[in-house]
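Me: Hi! Could you walk me through this structure with a few questions and answers?

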Number of protein chains: 4
Amino acid sequence: MRGFRTDLAMESIGGERSLPEGVLMDEQQLGEILRTRIVIESPEAAGVLARPCGEYITLSCRGLSHCSSRSRKQLIQLVAQAVRAMLPRQGDVLVVGLGNRNVTADALGTRVVERLLVTRHLESVLAEEMRGRLRGVSAIAPGVLGLTGIETAELCRGLVSHVKPAAVIAIDALAAFDSARICSTIQIADTGIEPGSGVGNHRLGLTVDTLGVKVIAVGVPMVVYASTIARDAIAQLAEGYGQPPEAIQVLLEKVSEGYLGEMVVTPREIDEMVLSVADLLSEGLNRALQPELDAETLHTFLHG
Amino acid sequence: MRGFRTDLAMESIGGERSLPEGVLMDEQQLGEILRTRIVIESPEAAGVLARPCGEYITLSCRGLSHCSSRSRKQLIQLVAQAVRAMLPRQGDVLVVGLGNRNVTADALGTRVVERLLVTRHLESVLAEEMRGRLRGVSAIAPGVLGLTGIETAELCRGLVSHVKPAAVIAIDALAAFDSARICSTIQIADTGIEPGSGVGNHRLGLTVDTLGVKVIAVGVPMVVYASTIARDAIAQLAEGYGQPPEAIQVLLEKVSEGYLGEMVVTPREIDEMVLSVADLLSEGLNRALQPELDAETLHTFLHG
Amino acid sequence: MRGFRTDLAMESIGGERSLPEGVLMDEQQLGEILRTRIVIESPEAAGVLARPCGEYITLSCRGLSHCSSRSRKQLIQLVAQAVRAMLPRQGDVLVVGLGNRNVTADALGTRVVERLLVTRHLESVLAEEMRGRLRGVSAIAPGVLGLTGIETAELCRGLVSHVKPAAVIAIDALAAFDSARICSTIQIADTGIEPGSGVGNHRLGLTVDTLGVKVIAVGVPMVVYASTIARDAIAQLAEGYGQPPEAIQVLLEKVSEGYLGEMVVTPREIDEMVLSVADLLSEGLNRALQPELDAETLHTFLHG
Amino acid sequence: MRGFRTDLAMESIGGERSLPEGVLMDEQQLGEILRTRIVIESPEAAGVLARPCGEYITLSCRGLSHCSSRSRKQLIQLVAQAVRAMLPRQGDVLVVGLGNRNVTADALGTRVVERLLVTRHLESVLAEEMRGRLRGVSAIAPGVLGLTGIETAELCRGLVSHVKPAAVIAIDALAAFDSARICSTIQIADTGIEPGSGVGNHRLGLTVDTLGVKVIAVGVPMVVYASTIARDAIAQLAEGYGQPPEAIQVLLEKVSEGYLGEMVVTPREIDEMVLSVADLLSEGLNRALQPELDAETLHTFLHG
């Protein structure tokens, strides 16, 4: 079944009964939230799962955009915790919002960046007692290749060499296999962004290899490709009726090639959901980046 | 195949080899555009097609939002022509933009209304030579029930009794069965808006029966329901393999009930497409409503 | 000094040393907030101040959009209290957002309406225990005359006769005399909206006389007319130098007639400020309208 | 009178009866459009006018956003002509949209960049016959220091060293002295952007010195600072009454220091005007950058 388009490590493993060798996985249920930690340790396992070695934290909660305010607070804390654990102890951080702000389902990165506490330029103007308590944060949502003529990876490389952050956090809208995961799962990984992933299909990746510093990827599924839905329906039917695999393969290919190629499946309310998830992620990131500031002080910095 | 969700008369008929009795249909290929005219004449035919008696003009052209500028001009003329033929010769017109402006795929009605030449309030301030050459046009995009607490049909009834137009034009985003029709088909009908149609699922309809004046409905498919895609894939597979109908039925119901219910399929670029289609429709409507104004004068009124 | 354009009752009185007869005024300092209550009792006083009889509550706090979160909570309570005291004990309420959503400084009404808990359509679907605890609220932002061809007052009259609310709350962006009041003052009045007031210059008013039910007006200054700034500068200079009044008058008229007529003065950050003030007002109104719901339940209704 | 805040070279010269030495100026009336060419030749003249040496083309036409369609076409041609004459004959061009997209009056740069034909990434995918006919264009609207933590000039330096364009075009919203110039004047200069100019007050400049390549600056006044209006009114009054200069100076300083500091004066319809001017500028720039493409082909590239 692998080969369906998904950006979630959890779904690559998903259907399998037993984990491939070289993969660790543990789960914790915390109220309404399921926290899953997957570690891909060996290059062999990375090959089997078609995903780089590294740690993947997944937070699942049906309806990130309309969960109880108790679960929302918990999610913010879990995001902050996971990101902070992956960040270097010291040094500036550059946050990059990927995707196209003019495409609702691809605008998550931009929306998160708009809500971040940016501090890199404040050091010199801060009151004495604040100096050293703020981590230097810069943030940019550079826009997609079709709008800028510049590969996001190229542009980030230029920025990194100039801004010299200790780490990059890249935020992106993801594609999932299972439409129940849309706006219901947050994935935080220390592997960076792989080429070809995301709703916008970045051609180049953003990784420690391309940027020279650690890249933490934070993403939430916003779409399922329509061809995936069709293929899934066919596969279910085929399984039920014991069709010979070759026949299924022919149909699957037919579906994938057709006009469904660039069609995406989203909840009808995706516009509102993106904003709500962006609020949640940015709160988690602001706490991860500025652990010395309490919520009130953060609020004053952002809105005051 | 009927039962799949579609707002296009053309698709209700679609798969059938022979037309039901009481239905007329003729087609004209005009350059890249296919113009189809369907007339449902008898109540029996209306029952079979689950659609009210009346005239349905459909203009199809792959890619309304990015066709050649020649085809674009032709489409604008064909829209103007079809709407003008359905409008009463004289009297004010109220244009109602249906749908939710905050939901990209449901915002077409609002976006068209924003681009209309509104004239009802100008009569007294017009230069002598313009008087009598402008039709009185008012326009409103009242918003959906969930945002206003007022049924759109109720609200329109109040407006109509006050503004006393000779006809209403209602603009709406539609759902189609075939995703190739998204942003590729314009439907213009003299039947008004049926209850339960549109992306936003209006509970009440807007028709001559509810409003007391003729209602011309103008719509463009913006989504396919995800359950339709899945059902279509299943149906195709089943047909190919000669599955017993009962088994298929079970599967179809399973798919329809599931989480896919409120999921919609759209092109990834739907945000941009809606604006482009709104430009096209509003140009056609402005010409239909103000046949005495040339393009230049219309432009000056709108932007000058 | 009277004659300068202002929609604030407080500013009509402003410069005077002694109150005109028939006007009551008291002030309370509550932390950072100054609460002023003005009552215009007699038609004579109304004539002198060019403002209808009634009660005007003004809440002033430098920087509504970036005050401390403590002051923000207090402001929300004071808004809720003032509005609740003016509302009839029972019956539905229709909230009307005035102004043009496409003009940043005039969009306050629309932005507040977007954030309201609308309930009129929920009665039949509510759980048993909620029935009777929710006041029926409907809300609309109909758009300005130039966009709809329909006077807002006409449109509201139609709606009121249909929806039959016990009261109307009208939200509007105001013009002030003193630019320090922009986004720093909330005015709540039981007098309705006067003709010619607001940033958008409504031609007709919204009052108990035109609508047949009580109209509570809630507004915040968003602009000062540029001609006011110029006139103020001239007046100050003239006062300082003891110029003869006739000469000043000539200059004042020259300034008022010129190109400055339609120019407005706003803070550069007006876009962000409008959204922040809309958040604040809508929270206050939601509490005034639904006193039986606690903050958590309100949040769930709005976002859940 | 100098010292009032303006970003227009024409206004620095404005009031003077005779030109300073080292300044050339000629004017052409072309229909409704006045085309002024100012050349500041000597460092002494640059000092007197507080503006760098170079060529400044100014196109003035009352109401850029609502002029006749004939004047609009002419303006587009004149923009294209002026920019093309300043561009190097060959080599890629990087267009930078300055300003804050969330502040209406400061969003011009962003809005122009959104409408540009970006081609740098297309070279490899173009049909044989198009190769060599398209100039490589990249474009970015990086956002302001407060939102990114990175100086725009820093960011551009990084980009330029990476993208290696032959020239940069920087688009910015300007401040004027005379409010009649808002949305009525286009300034095109080969001097780059000076530190402290623009609505957003960039701290660093974008010039050949900071970026290493020629920088063409294109701007349109969108605001007048409110303190300028007040100072102007005072100055006019003072002139009329022959006040002693010291007294005026005191008053002028008082006005400049006060709360008016960050207030801006704009037409009430600034939101719509910005979009209209962005359309006009981007058409002019697209023609300047791609002289081999006719209007139809440009349209197809942009929207097809």
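This is a predicted model: local features need pLDDT of at least 70, side-chain atom pairs count only at pLDDT 80 or more; totals for chains, interfaces and linings use all residues.

Reply: Happy to! Residues are numbered from 1 along each chain as its sequence is written, chains are lettered from A and ligands numbered from 1 in the order in which they are written, and side-chain values use heavy atoms, with hydrogens and water left out.

Me: What percentage of the contact residues of chain D recur in chain B?

Reply: Contact means heavy atoms within 4.5 Å. The same surface serves both copies, and the share of contact residues of chain D that recur in chain B is 100%.

Me: How are H3(D) and H10(D) oriented to each other?

Reply: Helices (H or I, at least four residues) and strands (E, at least two) are DSSP runs, numbered from the N terminus. Axes are lines fitted to C-alpha atoms, for helices over the stretch in contact, and angles run from 0 to 180 degrees between N-to-C directions. In chain D, helix H3 (residues 69-86) packs on helix H10 (residues 270-289) at about 50°, with axes 8 Å apart. Angles under 35 degrees count as roughly parallel, over 145 as roughly antiparallel, 65 to 115 as roughly perpendicular and the rest as oblique, so H3(D) and H10(D) are oblique.

Me: Which classes of residue make up the contact of H3(D) with H10(D), and how many of each?

Reply: The residues in this contact include Leu75(D) and Arg72(D) of H3(D), and Ser276(D) of H10(D). Ala, Val, Leu, Ile, Met, Phe, Trp, Tyr, Cys and Pro count as nonpolar, Asp, Glu, Lys and Arg as charged, and the others, Gly among them, as polar. By class, the contact of H3(D) with H10(D) has nine nonpolar, three polar and five charged residues.

Me: Is Arg89(C) buried or exposed?

Reply: Arg89(C) sits in the loop between helix H3 (69-86) and strand E4 (93-97) of chain C. Buried means under 20% relative accessible area, exposed over 50%, and partly exposed in between (1.4 Å probe, protein chains only). With a relative accessible area of 81%, Arg89(C) is exposed.
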